[in-house]
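Open the structure in a viewer and keep a selection panel at hand. The stops below go one after another.

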Amino acid sequence: MPDFALTSEQESLRDMARKFARTEMAPHAAECDRAGRFPEEIYRKAYDLGLMNLNVPSDYGGSGLSLFDQCLIVEELAYGCGGMTTSIIANCLALEPILLAGTPEQRTRVLSPFCASYQLAAFCLTEPSGGSDAGNLRTRARRDGDHYVLTGEKCFITNAPHASLYTVFATGDPNLRHKGISAFMVPRSAEGLTPGKDEEKMGHRASSTSTVRFDGVRVPASDRLGAEGDGFSIAMRTLDQTRTPIGALATGIAQAALDHAARYSLKRETFGKPISEHQAIQIKLANMAQSVRAARLLTWFSAWTIDSGHKGTLESSIAKCFASDAALHVADEAIQTFGGYGYMKEYPVEKLLRDAKLTQIYEGANEIQRTVIARELLRDYA
Amino acid sequence: MEIVVCVKPIPEAETRLRVGADGTTFDAEGVKFVLAGYDESAVEQALLLKEAIPGSRVHVISAGPSPRTDEVLRASVALGCDLATCVDLSSANSAADPIAIARALASALATVPHDLVLCGKQAGDDEAGLVAPALGELLGVPDFGYVVDLRWDAARKLLKFQRWGESGLELWEAPTPCVIGLQQAWNDPRTAKLPAILKSRKAPIARAAPPAGPTSPSSRPERFELPPPRLGARLIEYKTPQEAAEKLVKLLREEAKVFP
């Protein structure tokens, strides 16, 4: 039986993340959003406090948290700023393939020095010609003696302009589809690796996103993760782990939207009374609260399932898909509660809608999540 | 230097307090206890001194009902304190009495080496401000309150600090041992790091018995009650200051009846 009563240890972790989100992140969220600024000073502080490499075991210098505890922290951070949270947790995504498929030697050689100081890593899977269709990669990994030569381009890569380490998925033969893909660790210093310029995004503007070009980048075979052809499976197993915290991130955005709307409804008066006394607004708030609670519980249930040793593909897809849809819906209703003010950039809720939108798209678009959910579901009926 | 910090668990600032059934305590059910702001400053000061004086150690002590004491002790350990001791006053009806708290702390200090005892200058809840001076008296050492920016003059073996006095900022020197009550929020208390928080959950907490002797408190609250609900404010609409003053005086006379 899952028991979602938090221990005092979990409360301490959550409180610490909450304090950081509300005192260090939130006060700069609007400014970073407006300017599209990557607040490195905040990310450095997050690193210093142990909020960055949450999934890396402490033996390698990370925080070594369970998925459940990661979710508690990610929700709090996202309450402060969704975009900053994306950049803070991008290391978890980029390092997960090394945790899953790296040899002890690779993990010690790469993770320990990486986690010993403030550094960013970037997960390089998506390409211009396909994101969800990850079996259809075009980036080539040609074997050359005891090296591979990587050639191609990745896009929408979080933290790419600032990263020192890239986990890259490339194919030895596109005709083999997902069976041809291998995974590699590539340092920023590798010759021929070039991050592109920062993309102008609708939301998550405190995060940095760019293309990464590989022009004949030579990677030692000792930096391949897993066996040749294991790459697709490594990528999917990585996403099985990191999908649930996206549910937590979306829940944090949704909770922020609900809090803004509820507080505003108590202050704003129409027809001689606070709008919180109008049933139309009460129904909105009640529906928003249901969405937030359900998103959180589905996220917690998914984390609990995976922490209990199960794969959790169905649970994590449901959590990510539901929570991100909920975040968009709740942010939308928060704007509606604010009326015209909600549409103004001077007020905080329109940013939440723009930030929520990405959670439906990244780390597996919700269409793919629904495909996965249906596939897992129908297995039980066949 | 052996530095002792005394800390008190107080209800989190956003807590909506309820008066307990006996009318002389508040209902602690579901209340989250945290380190008071003054105590955070004291812990930060202790850690700054520890970092400045090689070979120093910080021992944090809390007297009160466990487990709320343990929460603030662990929070202090997560921030960097080395040792933690709880004087468990669960059974004694003295947790709300500052003098009894000072006695409990003094009895624990009898077996704990200390060159310097730091406290918040007052608690963040009852704001009595009595524990630090009472502790100074009980230990027979000087005590100072409203202190900021405490430093150690290693050459002269003296403490140097500032005091926010009535007439302005005072500069002081004092010998050790002594008791010092710290002012709040002048030293930007640090945030505990995540691995330290995890480690602090497993840190040992020493248990000291409450002092023998009379357990009846030296003082006790007679009755707690919540403040009456506030009546809404009334805004006076006006075009000129004269009109505002006239309307106000009229209201004070005729409705509030402050003037005949």
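Is A:Glu31 buried, partly exposed or exposed? A:Glu31 counts as partly exposed, at 30% relative accessibility. Bear in mind throughout that this is a predicted model.

**Stop 1: a pair within chain A**

Over all chains, the structure holds 44 salt bridges.

**Stop 2: a pair between chains**

Now select A:Asp15 and B:Lys32. Their side chains meet in a salt bridge at 2.8 Å, N to O. The pair crosses between chains: B:Lys32 sits in the loop between strand S2 (9-11) and strand S3 (33-35) of chain B, and A:Asp15 in helix H1 of chain A. A:Asp15 counts as buried because its relative accessibility is 18%, under the 20% cut-off. B:Lys32, at 22%, counts as partly exposed.

With A:Asp15 and B:Lys32 they are linked in a network of salt bridges.

**Stop 3: the interface**

The area buried between chain A and chain B is about 1,200 Å², and carbon and sulfur atoms give 62% of it. In chain A, the residues that lose the most area to chain B are A:Glu9, A:Met16 and A:Leu49, together 36% of what that side buries.

The rule finds two salt bridges across this interface, and four residue pairs are in polar contact between the two chains.

**Stop 4: the cores**

Select B:Leu194 and show what surrounds this residue. Leaving aside residues up to four places away in sequence, B:Leu194 touches several residues of chain A, among them A:Leu13, A:Met16, A:Leu49, A:Leu51 and A:Ile73.

B:Leu194 is also one of the residues with the most contacts inside the largest nonpolar core, which has 106 residues. Others in that group include A:Met25, B:Leu116 and B:Ile180. Helix H6 (residues 231-267) of chain A gives the most to this core, with eleven residues. A second, separate core has 26 residues, including A:Tyr60, A:Ala134, A:Ile234 and A:Ala235.

**Stop 5: chain B**

Of its 260 residues, 40% count as buried.

Next select B:Asp125 and B:Lys8, whose side chains meet in a salt bridge (3.0 Å, N to O). B:Asp125 lies in the loop between strand S6 (116-120) and helix H4 (131-139), and B:Lys8 in the loop between strand S1 (2-6) and S2, so the pair ties together parts of chain B that are 117 residues apart in sequence. B:Asp125 is partly exposed, at a relative accessible area of 33%, and B:Lys8 counts as partly exposed at 24%.

**Stop 6: a glycine in a loop**

Finish at A:Gly364, found in the loop between helix H10 (349-359) and helix H11 (366-379) of chain A. A:Gly364 is partly exposed, with a relative accessible area of 26%. Draw a distance to A:Arg243: the two C-alpha atoms are separated by 8.0 Å, while the residues are 121 apart along the chain.

Definitions and conventions: Residues are numbered from 1 along each chain as its sequence is written. Chains are lettered from A and ligands numbered from 1 in the order in which they are written. This is a predicted model: local features need pLDDT of at least 70, side-chain atom pairs count only at pLDDT 80 or more; totals for chains, interfaces and linings use all residues. Side-chain values use heavy atoms; hydrogens and water are left out. A nonpolar core is a set of buried Ala, Val, Leu, Ile, Met, Phe, Trp, Tyr and Cys residues joined through side-chain atoms within 4.5 Å. Buried means under 20% relative accessible area, exposed over 50%, partly exposed in between (1.4 Å probe, protein chains only). Helices (H or I, at least four residues) and strands (E, at least two) are DSSP runs, numbered from the N terminus. Contact means heavy atoms within 4.5 Å. Buried area is the accessible area (1.4 Å probe) that two parts lose on being put together, summed over both. A salt bridge is a side-chain nitrogen of Lys or Arg within 4 Å of a carboxyl oxygen of Asp or Glu. A polar contact is a pair of N or O atoms within 3.5 Å; within protein, one must be able to donate a hydrogen and the other to accept it, and residues adjacent in sequence count only if both atoms are side-chain atoms.
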